[in-house]
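Thanks for coming. I will go through one structure this morning, from the overall layout down to a few individual residues.

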Amino acid sequence: WNDCYGVNDLLLPDCSDQTLFGAAEGQAENPGKSKIEEFRDAEARYGRNIPLWRVYVQPGQLPFQPGTETTGAANAQIADGGIVQMNWKPSPDGSKATGDDPIVNKAIDQAAANIKAAGSRIMLTLHHEPDDDIGGGTACNHKGTVPGNTPANYVGMWRNIHDRFASLGVDNVVWVTGYMGFSGNE
């Protein structure tokens with residue numbers, strides 16, 4: 001960064017001409033390295049601190065689940081005063097996270113508690129890159145890759161998770177989304 005170090009409540013840089021510089025895990029080809037080592041290597045290559053780390057919660061795990069490598073990397077970034085953007089798919093099938101599945105709702109509530117306990121403000125992306133997985137119910141030709149992932153279920157998933165977090169008093173989340181881009185999707 002420059003002399004204008006800092007971010008506002010939405011985790012946007014304080015200076016209007018500043019870009020929030022970040023890196024995503026898995027983008028460096030460092031087989032066998034931990035997520036923390038991977039990010040430290042990226043900082044060394046860039047010759048600067050990376051204020052935003054983008055991490056992916058592994059299938060079957062929750063955001064800030066104790067003992068996971070993703071949580072260790074996120075906590076290291078927070079301890080260094082940085083920002084974490086966490087990508088989490090609460091269920092491979094979007095229809096399971098719309099509010100009707102008590103098992104998924106319990107996991108959502110635990111994720112909310114974990115994030116609240118992290119204390120630091122984080123960016124949370126639910127079901128990142130939906131343009132790859134979601135299809136049906138639209139005028140486009142893309143069929144989606146997971147049955148049950150329709151636009152209506154995607155919206156329902158977001159609403160359910162946001163509302164459950166709010167009801168549990170989780171106020172340290174900046175809600176974001178992340179798309180793949182065009183890459184052949186119609």
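Along the sequence, the order of elements is β-α-β-α-β-α-β-α-α-β. That comprises five helices and five strands, where helices are DSSP runs of H or I with at least four residues, strands are runs of E with at least two, and numbering starts from the N terminus.

Before the details, two notes on the source. This is a predicted model, in which local features need pLDDT of at least 70 and side-chain atom pairs count only at pLDDT 80 or more, while totals for chains, interfaces and linings use all residues. Residues are numbered from 1 along each chain as its sequence is written, and side-chain values use heavy atoms, with hydrogens and water left out.

Now the overall figures. Of the 186 residues in the protein, 44% are buried; buried means under 20% relative accessible area, exposed means over 50%, and partly exposed is in between, with a 1.4 Å probe and protein chains only. The protein exposes about 9700 Å², and 53% of that comes from carbon and sulfur atoms. Those areas are from the Shrake-Rupley method with a 1.4 Å probe, and for residues only the protein chains shown count as cover. Taking contacts between residues at least 6 apart in sequence, 64% join residues at least 24 apart; a contact is heavy atoms within 4.5 Å.

Next, a helix pair. Helix H1, residues 35-46, and helix H2, residues 69-79, have axes that come within 8 Å and cross at roughly 40°. The axes are lines fitted to C-alpha atoms, for helices over the stretch in contact, and angles run from 0 to 180 degrees between N-to-C directions. H1 is therefore oblique to H2: under 35 degrees would be roughly parallel, over 145 roughly antiparallel, 65 to 115 roughly perpendicular, and the rest is oblique. On the H1 side the contact uses Lys35, Ile36 and Arg40, and on the H2 side Glu69, Thr70, Gly72, Ala73 and Ala76. By class, the contact has three nonpolar, two polar and three charged residues. Here Ala, Val, Leu, Ile, Met, Phe, Trp, Tyr, Cys and Pro are nonpolar, Asp, Glu, Lys and Arg are charged, and the others, Gly among them, are polar.

On to the aromatics. How many aromatic pairs does a search of the whole structure find? It finds three. Rings of Phe, Tyr and Trp (its six-membered ring) pair if their centres lie within 6.5 Å, and planes under 30 degrees apart are stacked, over 60 edge-to-face, and the rest tilted. Phenylalanine 39 and tryptophan 53 make a stacked pair, 4.2 Å centre to centre with 5° between the planes. Since phenylalanine 39 is in helix H1 and tryptophan 53 is in strand E2 (residues 52-56), the pair ties together parts 14 residues apart in sequence. Phenylalanine 39 is buried at 2% relative accessibility, and tryptophan 53 is buried at 0%. Elsewhere, Trp158, Phe165 and Trp175 form one aromatic cluster.

Asparagine 87 is in strand E3, residues 83-88, and is buried at 0% relative accessibility. Beyond its neighbours within four places in sequence, asparagine 87 contacts Arg54, Val55, Tyr56, Val57, Thr125 and His128.

Phenylalanine 64 sits in the loop between E2 and H2. Its phi is near 55°, a positive value in a residue other than glycine, and phenylalanine 64 is buried at 8% relative accessible area.

Glycine 81, in the loop between H2 and E3, is partly exposed at 44%.
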